[in-house]
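Subject: Structure handover

Hello,

Here is the structure we talked about. Please have it open while you read the notes below it.

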Amino acid sequence: MAELIVAPSLLSADFSNLEREIELVKKSKAKWIHFDVMDGHFVPNISFGSKVLADVSKLSDLFLDVHLMITDPDKYAETFVRAGADLITFHYEVFDDYDVCLELIQKIKALGAQVGISVKPKTVTNAVLPLLRHLNLILVMSVEPGFGGQKFQEQALSKIRDLRKYIDRNHLKCLIEVDGGIDEFTGPRCREAGVDVLVAGSYLFGHADLPERVERLFE
Ligand code: DX5
Ligand code: ZN
């Protein structure tokens with residue numbers, strides 16, 4: 001198994017003191033920060049945009065994993081890359097079309113960032129399999145996107161297993177990430193199923209022992 005990556009989701013952080021929150025992440029074994037962008041259209045919630053990302057990028061050298069839950073990823077991808085995104089993930093459901101997805105993947109790569117595609121719980125992974133060879137990451141949503149603190153949906157595990165098989169069988173480099181309801185119990189189960197990156201928001205932020213909690217995800 002490749003080394004696990006933990007990506008704390010800033011959505012559950014205290015925005016009145018982001019510097020302190022990021023200092024806590026820096027003390028932990030987490031190497032990434034997961035940054036959830038919501039537009040109130042693709043999901044029924046609004047979070048934060050590129051200015052916040054640009055400010056966050058000044059606070060650390062952590063890898064910035066930007067999850068776009070927006071209806072116009074093609075319009076805003078460049079803004080987020082310029083603001084410091086290392087990886088941009090957009091949702092397959094926005095386009096639901098191989099060619100249009102491939103075009104945006106290539107555009108983001110040309111801007112100098114890595115690219116991921118995300119699938120909601122009800123989207124079957126078969127649709128994205130032909131795209132995996134072009135991707136750095138596939139993000140399996142284990143909750144309906146939009147809010148932190150929801151319960152992990154079990155069907156994510158079989159999706160992760162299927163993707164793991166496909167990626168290994170075809171010798172692809174694409175990482176598998178899971179997002180939603182991840183804690184010390186669900187995280188290791190996703191790990192067994194073959195996940196590479198665990199996103200965790202409410203399990204980590206709001207807890208002074210964040211570094212110890214990250215550590216538990218590695219056990
Ligand atoms: C939900 C977001 C998640 C969210 C996860 O739409 O994509 O990244 O922050 O939060 P938890 O870990 O609390 O489920
Ligand atoms: Zn997310």
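V140 is buried, with a relative accessible area of 0%; buried means under 20% relative accessible area, exposed over 50%, and partly exposed in between, taken with a 1.4 Å probe and protein chains only. V140 is in strand β6, where strands (E, at least two residues) and helices (H or I, at least four residues) are DSSP runs numbered from the N terminus. The C-alpha atoms of V140 and V178 are separated by 4.8 Å, and these residues are 38 apart along the chain.

Before the rest, the conventions. This is a predicted model, in which local features need pLDDT of at least 70 and side-chain atom pairs count only at pLDDT 80 or more, while totals for chains, interfaces and linings use all residues. Residues are numbered from 1 along each chain as its sequence is written, chains are lettered from A and ligands numbered from 1 in the order in which they are written, and side-chain values use heavy atoms, with hydrogens and water left out.

H34 and H67 are both buried.

H67 also has a contact with H91: their side chains are joined by a polar contact of 3.0 Å. A polar contact is a pair of N or O atoms within 3.5 Å; within protein, one must be able to donate a hydrogen and the other to accept it, and residues adjacent in sequence count only if both atoms are side-chain atoms. H91 lies in strand β4 (residues 87–91) and is buried, at 0% relative accessibility.

Ligand 1

There are 20 residues around ligand 1, and S9, G146, D179, G201 and S202 come nearest; a residue counts as near if one of its heavy atoms lies within 4 Å.

- D36, with an N or O atom of its side chain at 2.8 Å
- G201, with a polar backbone atom at 2.7 Å
- S202, with a polar side-chain atom at 2.5 Å

On its own, ligand 1 has 380 Å² of accessible area, and the protein covers 100% of this. Accessible areas come from the Shrake-Rupley method with a 1.4 Å probe; for residues, only the protein chains shown count as cover.

Helix α3

In helix α3 (residues 73–82), the buried residues are P73, A77, F80 and V81. Seen down the axis of α3, these fall within an arc of 95°, so they line one face of the helix; the arc is that of the directions from the helix axis to the C-beta atoms. The face turned away from the buried side of α3 carries the exposed residues K75 and R82. K75 has a relative accessible area of 56%. Its C-alpha atom is 9.9 Å from that of L104, and K75 and L104 are 29 residues apart in sequence.

Backbone in two loops

Most residues other than glycine have a negative phi. D96 is not a glycine, yet has a positive phi of about 55°. D96 sits in the loop between α4 (92–95) and α5 (98–110) and is exposed, with a relative accessible area of 54%. H171, also not a glycine, has a positive phi of about 55°. H171 belongs to the loop between α6 (155–169) and β7 (175–179) and is exposed at 70% relative accessible area.

Other positions

T186 is in helix α7 (residues 186–193) and is buried, with a relative accessible area of 10%.

Regards
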